[in-house]
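This report covers selected strands, helices and backbone features of one model. The sequence and structure come next, followed by the description.

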Amino acid sequence: MPDLSSLPTAELIARAGSVRDAAHGTRVTFSPKVFIPLTKLCRDRCGYCTFAQPPARLEAPYLDLEDVLVLARRGAAAGCHEALFTLGEAPEERYPSARTWLDEHGYASTTDYLVAAAAAVLEETGLLPHANPGALPADELARLRAVSPSQGMMVETLRADLAAHRGAPDKTPERRLATLEAAGELRIPYTTGILCGIGETEADRVEALEAIAASHRRHGHVQEVIVQNFLPKPGTAMRDHPPCPPEDHQRAIALARLILPPEVHVQAPPNLADDVAPLLAAGVSDFGGVSPVTIDHVNPERPWPHLDALRAATEATGRQLAPRLTVHPRYVQDGAAETWLDEGLRFAVMDRADAEGLARDDPGAVYPNKVGEVRNVGDGAEVVLVGRRSTQWYSGADVHPPRLVPGPSAPVGGPVREVLDGVAAGEQVGHDEIVALFAARGREVNAVAEVADELRRRAVGDEVTFVRNRNINYTNVCTFKCRFCGFSKGPRSLNLRGTPYLLTLDDIAGRVTEAWDLGATEVCLQGGIHPSFDGDYYIDVTRAVKEAAPGIHVHGFTALEVTEGAKRLGEPLADYLRRLMDAGLRTLPGTAAEILDDPIRQILCPDKIDTEEWLEAHRTAHQVGLRSNITIMFGSVEAPDSWARHIIRTRDLQAETGGFTEFVPLPFVHMAAPLYLQKRSRRGPTFRESVLMHAVARIAYDGLVDNIQASWVKLGADGVRQLLQAGVNDLGGTLMDETISRSAGASHGQGMEEDGFRAIVEPLGRTLAQRTTLYEPVTPTPV
């Protein structure tokens, strides 16, 4: 590497900023945390430290476990994701009172108590512990790995002769580097850093950064490097030492960005600077932990910035603030969790993660979902949760979503701006552009929504449509084992899906007659794949529907159902679909698509039709004259890369056949889904992800699929109202007797009448219109 220290500051910063932008774009992360000072006793005596205190100044040597949990509960209630455990190093080696307290409470060491406290916080609150215990041997790091997804220790400097570290046996370069190396060997996502301005030179900083970079290249474990500026504190040996000059700090940040591999984040504490813009300009991509609850116990004289102020300051530089977990996404996604996280921690991390592996960003508290019982309610089940209830928005939950659209209309830059400029120029978005749009944060989300809504206006105008329909789920017995499904009858051990049932043809006909008499123009037929069905069952059902109401539109049978029906009869699919059409079938729903990405389907529905079979079923349907729609179930285990593949594959088929009428995103409802209760999925999408799914779809399908629908059952009226300003033009159906979403835990009811739709639409200055299944106008008749 060339001698970076010889570069002028302006050039050094410019180079570092370019590297940061290429690696991390416009995103700046932070971890919403609660600070838990487990003990302020320390055997080290550092010249700059106000955290460490002698026993006489403390009420007790250690924070009691109940006091730890009180702090953690406050953090969880405030929407934090991290419990930062900070403590002195091996105080029992110096202070008899520490040794006595540990003995009386049954702990062999400070590390032993830290393990217990972290485990209690994780179990009680779901907050993810980040252990910051200093230099430790490998066996103690390994014990902490089981309860703390990430750990940390500042290298600070490799200068062994600094006055700042006299009397600090744990601050020797050898001990710090040995701990850093052991963490890498143990596959621990690790935070480290340097301290600038304690007497070291720029050459010393370069040496420390190069040592950190070398360790990371060997093991890949350094997730972020803190570049902290020294500020003198009253009452310390270095109280009269000058603070780190701002230019020196900027240069150190830039050097870190240029020396470290691009994937390693460079962090600077925002509360130690009067202005974050120079930090960001020099290459910072992460602000570390910021607490809305507790002070910075290491720098108590420097308050945390309010998150709104930090967000505004970040956005003023053209960047967007995003919350993260204690462990960064690259240690969570694409199977990395199996390497980097203890098996007992993987679900705890997943439970707070979004589709990119960052933190869920909806406001409100996230608590562990604890199932008290599952009540059989006849056609489904009701999961009863015990303990503290989460207050964040989830698809299907009776909680108002955050207000994202419309949002501040301000210029945005970076990859999102580049893609939107291409859209404005008439370019079709490809895979990478779609993924870039799904990564939008902050003001970028509204920028995407604005473009999507303009495309909606050009394509279909300001009319918002709905169809008057009834769902008939004729059986909940199914031979397939979809792991996300809370509807179809499954293993007794889960006790999730209610009593098995199979409607008779007379039952179905009766429900169709009721729907027709209530003004329905469509009946939607879907159910499980009953072991007794042959393909003729679906033909018999279709005939029964048409005999009961000859004028009703039959929208029925997924790609799985028709493929299975043809297979059981040994009949070509095209011939079988023609027989269904002769019986009265007119359109196919797009469900059973889930995610058209086979590695994800292997997790969600391994025995179901694969991607090509789903596409071929719809291709064949279009060829014989049946129309259909596109659905996507999102928010369970997949990432935006899979969303992009799904959109492009269905878009390609639409370009080939023109047979799809609409795109219907279906947010995963987690509450009663077996996959979630087995601790193998997320809690569904965030509301930001839900907004983007509809908006990005409008952009990606522009000119090919005119209608984008929002599911009021899963998103609620408030959520749908926002989506109508993000590219959506259709509200779906009135859904008399909807049971599939309710069986998964949704709480938004079984039906919505025209007045309910009108209450959503009219405040936006839009007009409501009833449509047919094929998007033709309907003149409503009095009921």
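## Terms and basis

Buried means under 20% relative accessible area, exposed means over 50%, and partly exposed is in between, with a 1.4 Å probe and protein chains only. The structure is a predicted model: local features need pLDDT of at least 70, side-chain atom pairs count only at pLDDT 80 or more, and totals for chains, interfaces and linings use all residues. Residues are numbered from 1 along each chain as its sequence is written, and side-chain values use heavy atoms, with hydrogens and water left out.

Helices (H or I, at least four residues) and strands (E, at least two) are DSSP runs, numbered from the N terminus.

## Backbone exceptions

Most residues other than glycine have a negative phi, and most peptide bonds are trans. Arg187 has a phi near 60°, a positive value in a residue other than glycine. Arg187 sits in the loop between helix H6 (173-185) and strand S5 (190-196), and with a relative accessible area of 31% Arg187 is partly exposed. Ala592 is not a glycine either, yet its phi is positive at about 80°. The loop between strand S16 (585-588) and helix H20 (598-604) holds Ala592, which is buried at a relative accessible area of 5%.

The peptide bond joining Val405 and Pro406 is cis, with omega about -5°. Pro406 belongs to the loop between S11 and H13.

## Surroundings of Pro402

Pro402 is found in the loop between strand S11 (381-386) and helix H13 (414-424). Its relative accessible area is 15%, so Pro402 is buried. Leaving aside residues up to four places away in sequence, Pro402 touches Asp362, Pro363, Trp393, Phe687 and Gln722, where contact means heavy atoms within 4.5 Å. One of these, Pro363, is 39 residues from Pro402 in sequence, and their C-alpha atoms are 7.1 Å apart in space.

Two strands pair if DSSP finds at least two bridges between them. Axes are lines fitted to C-alpha atoms, for helices over the stretch in contact, and angles run from 0 to 180 degrees between N-to-C directions.

Strand S17 (residues 627-634) runs parallel to S18 and is joined to S18 by 6 bridges. Ile630 stands opposite Phe663 in S18, and the bridge partner of Met633 in S18 is Leu666.

## Three-stranded sheet

Another open sheet has 3 strands in the order S19-S12-S20, with parallel pairing. Strand S19 (730-733) and strand S20 (767-770) form the edges; each has a single partner strand, so one side of each is left without a neighbour in the sheet. Neighbouring strands here are turned by 20° against each other on average, direction ignored. Strand S12 (residues 463-467) runs parallel to S19, and 2 bridges join them. Val467 has Gly733 in S19 as its bridge partner.

## Packing of H16 and H17

Two packed helices are described by the angle between their axes and the distance between the axes. For helix H16 (residues 505-517) and helix H17 (residues 536-548), the axes come within 8 Å and cross at roughly 40°. The two helices are therefore oblique to each other; angles under 35 degrees count as roughly parallel, over 145 as roughly antiparallel, 65 to 115 as roughly perpendicular and the rest as oblique.

On the H16 side, Leu505, Ile508, Ala509, Val512 and Thr513 take part, and they meet Tyr537, Asp540, Val541, Ala544, Val545 and Ala548 in H17. By class, this contact has 9 nonpolar, 1 polar and 1 charged residues. Ala, Val, Leu, Ile, Met, Phe, Trp, Tyr, Cys and Pro count as nonpolar, Asp, Glu, Lys and Arg as charged, and the others, Gly among them, as polar.
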